[in-house]
Amino acid sequence: MAQAKLLRKFRLPLASIARRTDLSQVAVKLLNPIVRPAGGAPSNASDAEKSEYAAALTKLGANLEAKKLLLSVDSDKTPDALLFLACTRVACWEDDKRIPLLKRYVASPGLADYKRLVGKLNLSAACVHERQDDEANQLFLELKEELSKLSLHRLLSNTLSLWSELEIERRNFSVAKNLYTEAEGYIKDPDSMDNFYLRKRKAMAMFLANPKDEVAVKAMLDFRSVAQSRKHWESVRDCDLHLAVHQKNENLLSFVYFGTPYEHFRERLQQQWGKKLEMAETYHWKLGTGKSTPVIDLLGIEEKGKETLKAGQLLFRMAATLSSDFYRPFRLAEIHAAIFPNEFYNPSTSPLRVHQAMFRFRHWLSKQCPSLEI
C-alpha cells in the first residue's frame, strides 16, 4: 500500500514536536522538501518553517547553514528566530553575540509570557558567562520574583542555580551555597540535567574556594568523571579549563587550548590565565598509551614511505575536522558541513556521502596508521 503524503499544514507542528523531543533528524526530514525543494526549485517556505528547520539543523550540528537561514527570516514577525539564532552561538561559546539577540527577543511585542521568561533566563546565562554581573544580577532578581508568583519551579530552580554561578565567579561562596541549596529543593529527579548542573556548580564552588585542597580537587575530578560518563563534553572541557588555570598546569593548559576550536573559549582561557600565553606553533596530540605511535602530519610535510594527506582535499578535510576538537565527538551534520563546505545538508543524501568519505578515510588509515581507529 502506498504511503499517504503528509499534508504541509501538519509538517511544521510535527517538526516542532520532533525537535523538542530530540528527534531533530525527523524534524529536518519533515521540512526539507519545503525549505530545500528538489532540483533547486525556489522555496516558498514561511518564516516559521525556515526558523523551525534551522533550529533542528542546529541540534544536528549544521550551525552555519542554520545561521544563514535564520538571518533571512523576518524576526519582527517570527521572534523565535532570534532565540534560535542565539542557540547557534552557544555551541561556539559566543555569548557576546548571543546577548543582543536575546535582548531583542525578550523585547518582542506579543511574545507569550512563558517564552519571555525563558528568553530572560537565557539572557541571564549569557550575561554571567560574559561577566556582565550587574545586568545578570538584575535579571535574576526579576526572574525570581516572577517565577515564584507563577510557581514555575523548574525555571526557578534553573534561575537560582545560574545565580549561584554568578556568585561563584564573584567569589561570594556563602551566597552561592545558599542559592544552590535553595535550587536543590525544587529538583525532584536526581538524574536530571538540572541536578547535573547543580552538582557542577557545587564542585566549582569548592574548588575555586581552595584549589589546593585535596577534598575540593577530588570533588572537581569526581564531577569531571560524571560529566564524561554522561557524555557532556563541554562540562569536561570546562573542568579542564579550571583545573589548568587554578593549578597552573601548563601541560593541561596546552591540551585544552589546542584541543578547542572555539576562538572565544581560547580568549576566555587567556583572560583567566592572567598572563600572555606562550604557545608553540604545533601540538602533538598523542592518542593511546603506546610508546611508539605512528604520526599523521596535518601540515603536509613529506615523509619517506608515507602517503601525505594533501591540503584541501577530501581526506585532509576529514582528518583536520576530526582532530580539531579533543573533547567532543562530531555529529554527522557537522562533519558534512566541514568536508562539503557551501553545500546544504540533505537528510536523504548527506548521511550516505559522509559515510562514504569516512570509509575512504578509514581505508587510508588502515594502510598508513593501522593502530588508529575511528
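Okay, some ground rules. What we have is a predicted model, where local features need pLDDT of at least 70, side-chain atom pairs count only at pLDDT 80 or more, and totals for chains, interfaces and linings use all residues. Residues are numbered from 1 along each chain as its sequence is written, and side-chain values use heavy atoms, with hydrogens and water left out.

Let's start with helix 3, residues 47-60, and helix 4, residues 63-71. By helix I mean a DSSP run of H or I with at least four residues, numbered from the N terminus. The axes of these two come within 8 Å and cross at roughly 160 degrees. Those axes are lines fitted to C-alpha atoms over the stretch in contact, and the angles run from 0 to 180 degrees between N-to-C directions. So helix 3 and helix 4 are roughly antiparallel, the word for angles over 145 degrees.

Who makes the contact, meaning heavy atoms within 4.5 Å? On helix 3 you've got Lys50, Ser51, Tyr53, Ala54, Leu57 and Thr58, and on helix 4 there's Asn63, Glu65, Ala66, Leu69 and Leu70. That set splits into six nonpolar, three polar and two charged residues. In this scheme Ala, Val, Leu, Ile, Met, Phe, Trp, Tyr, Cys and Pro are nonpolar, Asp, Glu, Lys and Arg are charged, and the others, Gly among them, are polar.

Staying with helix 4, its buried residues are Asn63, Glu65, Ala66, Lys67, Leu69 and Leu70. Buried means under 20% relative accessible area, using a 1.4 Å probe and protein chains only. These residues pack against helix 2 (24-35), helix 3 and helix 5 (80-90).

Skipping residues up to four places away in sequence, Lys200 touches Phe223, Ser235 and Asp238.

Last stop: helix 16, residues 314-322, with Leu314, Leu315, Phe316, Met318, Ala319 and Thr321 buried. Their cover includes helix 17 (332-339) and helix 18 (350-368). Leu322 is in helix 16 too. Leaving aside neighbours within four places in sequence, Leu322 contacts Trp285, Phe330, Ile335, Met358, Phe361 and Ile374. The C-alpha atoms of Leu322 and Ile335 are 8.1 Å apart.

Technical notes:
Parallel < 35°, antiparallel > 145°, perpendicular 65-115°, else oblique. Contact = heavy atoms within 4.5 Å. Buried < 20%, exposed > 50% of the residue type's maximum accessible area, 1.4 Å probe, protein only.
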